[in-house]
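Subject: Handover of a protein model

Dear colleague,

Please find the structure below, together with its sequence. I would ask you to keep it open while reading the notes.

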Amino acid sequence: MVWLRVEPVLLREVLLILAGLLITGGITLRWKISIHVAVAAFVALHILEDQPFGAAVAVAVVRILSWSRVQLRHHTSSQVFAVAVVGAMVSLFALLPMSD
């Protein structure tokens, strides 16, 4: 199969994204959370993880997006906070060492 020739790190990223979508999708069936914020947290932490102030910049990006979702009245502050934590937690799994 073609997917068996995929680099392990790429496969891991795709699986993390799918896990994040399944988690947020499951939650949003009962409680309308912002998938925008989950994706922003995941992507910002991944892009900025090796930068000197990467975590601070990622938090700022997620805060701005979360603020906008609340101001537009699409979500409550509890909803965006909860999903930001979910996005960050899924992103942190990428920092775990990979076994061969």
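This is a predicted model: local features need pLDDT of at least 70, side-chain atom pairs count only at pLDDT 80 or more; totals for chains, interfaces and linings use all residues.

Residues are numbered from 1 along each chain as its sequence is written, and side-chain values use heavy atoms, with hydrogens and water left out.

The whole chain

The protein chain has four helices and zero strands, and its pattern along the sequence reads α-α-α-α. Helices (H or I, at least four residues) and strands (E, at least two) are DSSP runs, numbered from the N terminus. Along the principal axes, the C-alpha atoms fill a box of roughly 45 × 35 × 20 Å.

Of the 100 residues, 31% count as buried. Here buried means under 20% relative accessible area, exposed means over 50%, and partly exposed lies in between, with a 1.4 Å probe and protein chains only. The accessible surface of the protein chain comes to about 7,200 Å², and 72% of it belongs to carbon and sulfur atoms. Such areas come from the Shrake-Rupley method with a 1.4 Å probe; for residues, only the protein chains shown count as cover.

Contact means heavy atoms within 4.5 Å. Among contacts between residues at least 6 apart in sequence, 74% join residues at least 24 apart.

The helices

How does the span of each helix compare with expectation? The expected span is 1.5 Å times one less than the number of residues. Helix 1 (residues 8-30) has 23 residues and should span 33 Å; its end C-alpha atoms are 34 Å apart, which agrees. Helix 4 has 16 residues and should span 22 Å, which agrees with the 22 Å between its end C-alpha atoms.

The buried residues of helix 1 are R12, E13, L16, G20 and T24, and they pack against helix 2 and helix 4. In helix 2, the buried residues are V37, A38, A40, A41, F42, A44, H46 and L48; their cover includes helix 1, helix 3 and helix 4. In helix 4, the buried residues are Q79, V80, V83, A84, V86, G87, A88, V90 and S91. Helix 1, helix 2 and helix 3 (54-71) are among what covers them.

An α-helix has 3.6 residues a turn, so residues three or four places apart point the same way.

The nonpolar cores

Which residues form the largest nonpolar core? There are nine: I33, V37, A38, A40, A41, V62, V80, V83 and A84. The elements that give two or more residues to this core are helix 2 (35-48) and helix 4 (77-92), and the largest share, four residues, comes from helix 2. A nonpolar core is a set of buried Ala, Val, Leu, Ile, Met, Phe, Trp, Tyr and Cys residues joined through side-chain atoms within 4.5 Å.

Not counting residues up to four places away in sequence, A38 touches T24, V83 and G87. A second, separate core of five residues includes L16, V86, V90 and A94.

Single residues

V86 lies in helix 4 and counts as buried, because its relative accessibility is 18%. Leaving aside neighbours within four places in sequence, V86 is in contact with I23, T24 and I27. V86 and A38 are 48 residues apart along the chain, yet their C-alpha atoms are separated by 6.6 Å.

A44 is found in helix 2 and counts as buried at 8% relative accessibility. I35 is also found in helix 2, but I35 is partly exposed, with a relative accessible area of 34%.

Is R73 buried or exposed? R73 is exposed, because its relative accessible area is 76%. R73 is found in the loop between helix 3 and helix 4, and its phi is near 60 degrees, a positive value in a residue other than glycine. Most residues other than glycine have a negative phi.

With kind regards
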